[in-house]
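Please look through the sequence and the model shown here before reading on. The report that follows describes a few selected places, one after another.

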Amino acid sequence: MNTFSKVSQVYKNMGGRYFLYRLMYEFTKRTGLLKRRFPTSPEIKHFITLEDWKKQRSNFYFDDRESLVFKKSRDAELASKVEKILNGQLLFFNSQWFDIGENHDWITNPSNKFTYSIDKHWTEIEDYSKTNGDIKYVWEKSRFSYLLTLLKYDYHFDEDHSEFVFSEIDSWINANPINKGPNWRCSQEMSLRLINWCFALNFYKNSLALTDHRWTNYQHIIFWHLHHIYEHINFSRIAVRNNHAITETMMLSLSAFFFPFIPETKVWSKNGRNWFEEEVEYQIYQDGTYLQFSMNYHRVVIQLLTVGIRLAELNGKPFSELVYERAKKSIEFLYTCQSPSGYVPNYGANDGALFFPWSDDFLDYSPQLEALHRVVNGTSLYGQDFEDCNWWGWDSKSKSKKVTRKEGVSYFDIGGYVVIRDKDALTFLRAGSHKDRPSQADNLHLDLWVNDDNILHDGGSFSYNSEETVLKYYFGTASHNTVQIAEYDQMLKGQRFIWFNWSQCQFVNINETQDEYVIEASIKAFEHVKSNIIHKRTVSKKKHKPEWAITDVILGAEDFKKYQLWHGSVDIINQITPGSESMKVCKSIADAPYSLYYGLEQLDKVAKIEFEDKITSIIKLS
């Protein structure tokens with residue numbers, strides 16, 4: 001595909017608004033016009049004394065730590081985490097501990113020891129660089145999500161680490177001059193930082209560690225965070241249009257509740273509210289699926305909806321009914337995809353994000369779904385208490401009926417997912433069209449579960465900044481349970497998160513007989529390899545038995561090798577029996593990388609079954 005064709009396709013796929021904005025954005029960035037909008041030596045901002053702020057009516061989820069009255073539990077694992085944090089360790093991406101030292105400088109990447117410059121304006125900092133490494137390793141501590149672990153510990157153990165917490169905030173402010181360095185590069189990170197700071201400020205409101213001097217400094221830095229988010233909001237709303245936009249518009253919409261003493265928040269909040277509701281309507285489809293085609297990013301949105309809806313209600317200004325409807329539909333979709341322990345397929349891009357880690361098991365989506373369900377429905381989804389619900393709070397007056405999930409087949413036709421819940425088995429098939437930017441080349445990927453055992457799994461994401469071969473594997477077709485033609489992906493990979501020749505679903509048919517469920521789906525893909533290649537997949541699931549038959553047919557690719565791919569443990573792979581109506585079937589088993597957590601990689605197995613035009617594989621577990 002030549003350059004003109006690629007540019008034309010970006011224009012077609014993303015729209016004229018996106019295309020023109022990106023051209024103008026690059027112009028303002030390269031000419032320095034963008035830089036001028038974000039001063040590095042701005043006017044000092046101070047609005048209210050600490051004493052007067054404490055006297056104001058609370059606009060937060062709770063008044064202070066003394067007002068919290070939920071049951072306390074002295075958990076040994078929580079105590080161990082806090083000990084590590086106090087000794088200079090940090091849990092990255094909810095999966096791996098790094099010893100970054102008690103005097104971490106906030107700008108050094110712990111994975112490769114690269115240190116960013118704080119003399120550079122944020123517009124001059126690169127997001128993706130082989131030398132710099134993955135910038136997410138720098139952003140992770142600066143989100144301040146780890147403060148919530150300290151707050152939780154102090155509440156349950158009746159301790160006080162307020163001096164440590166405020167010293168951490170002071171350290172960040174001193175090490176990160178306004179609008180300079182990597183930690184001013186992303187407005188989403190800034191939004192999350194503000195929310196977590198707000199938790200600390202309100203929880204330790206009555207602590208002697210919160211001094212007038214600190215409060216003065218905090219007001220100044222808070223203002224310039226909000227100013228940055230507001231002035232750069234169109235980048236997320238137009239160029240990015242994903243969970244970043246929901247995070248930032250939500251932060252702006254809530255700014256008048258969080259910081260009513262800042263006059264500018266009246267305008268920022270009014271506009272942010274309108275933008276937030278627009279983003280929710282656009283990004284969460286009517287069937288409850290999410291435009292990023294990612295389970296973890298959908299959970300990110302679940303938490304953001306909980307933050308936004310609850311605080312808006314507490315301040316007597318609830319969002320539109322549409323926001324509530326999309327929230328409920330989101331719960332329904334993820335609830336349908338859960339295993340008994342609350343796990344879901346590791347489907348789509350997964351950067352390990354859990355912005356507000358009140359609960360410990362990163363893989364369990366139940367605490368976050370429970371919290372949002374209580375906020376929007378006023379009832380419990382799982383019939384059990386989770387730590388998350390204690391901190392957001394909820395109104396126990398019933399608002400609407402409990403979300404339910406059905407046994408049998410559920411088809412989410414807009415997002416393009418078919419889920420079969422049958423006794424102890426979960427069958428998850430992606431069969432979608434793309435009107436929004438696809439995440440990974442994984443159409444007709446099949447995920448199979450028996451209880452909490454993900455017997456055939458998605459390869460995951462591993463890292464967004466790695467070698468090209470690694471990125472190609474994880475984001476491409478090879479790491480998914482679908483069909484690959486030669487070594488090609490279903491779509492043509494562009495730079496970073498761009499795909500060309502988006503795959504499109506042609507049809508989905510669902511049938512149920514007395515003995516089985518049958519899903520038939522067809523996609524058009526591999527357009528960059530040859531036009532009019534069709535992949536048809538039929539999945540038959542025996543009722544009440546862990547038995548599946550998967551038939552794949554490839555049309556229009558007679559001159560290419562074709563492979564059916566299955567990722568799982570060697571025990572499962574060995575139980576896949578391939579058959580074919582063609583002359584040639586060849587099954588090989590090899591090691592395959594697998595990433596359940598961002599930044600961590602392990603080896604599993606992949607069965608690569610070569611066939612000609614049609615193949616049926618049987619999976620029958622004893």
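A hairpin connects strand S13 to strand S14 through three residues. Strands such as these, like the helices named below, are DSSP runs numbered from the N terminus, with at least two residues (E) for a strand and at least four (H or I) for a helix. This is a predicted model, in which local features need pLDDT of at least 70 and side-chain atom pairs count only at pLDDT 80 or more, while totals for chains, interfaces and linings use all residues. Residues are numbered from 1 along each chain as its sequence is written, and side-chain values use heavy atoms, with hydrogens and water left out.

The strands S13 and S14 run antiparallel and are joined by eight bridges, and two strands are said to pair if DSSP finds at least two bridges between them. A second hairpin is formed by S8 and S9, with two residues between them, and Asn451 in that turn has a positive phi of about 55°. The table sets out both pairs.

On a 1 Å grid over the protein atoms alone, a cavity is a set of points where a 1.4 Å probe fits but cannot get out, and lining residues have an atom within 4 Å of a point. Among the residues that line the largest cavity are Arg57, Asn59 and Phe257.

Those three residues, Arg57, Asn59 and Phe257, are also touched by Asn315, not counting residues up to four places away in sequence, where contact means heavy atoms within 4.5 Å. Asn315 is found in the loop between helix H14 (295-314) and helix H15 (321-336). Is Asn315 buried or exposed? Asn315 counts as buried because its relative accessibility is 14%, and buried means under 20% relative accessible area, exposed over 50% and partly exposed in between (1.4 Å probe, protein chains only).

Ser73, in the loop between helix H4 (50-55) and helix H5 (76-86), is partly exposed, with a relative accessible area of 44%. Ser73 and Lys152 are 79 residues apart in sequence and 10.0 Å apart in space, C-alpha to C-alpha.

Technical notes. 1 Å grid on protein atoms, 1.4 Å probe; cavity = no way out; pocket = protein on both sides within 12 Å on 5 of 7 lines; lining within 4 Å.
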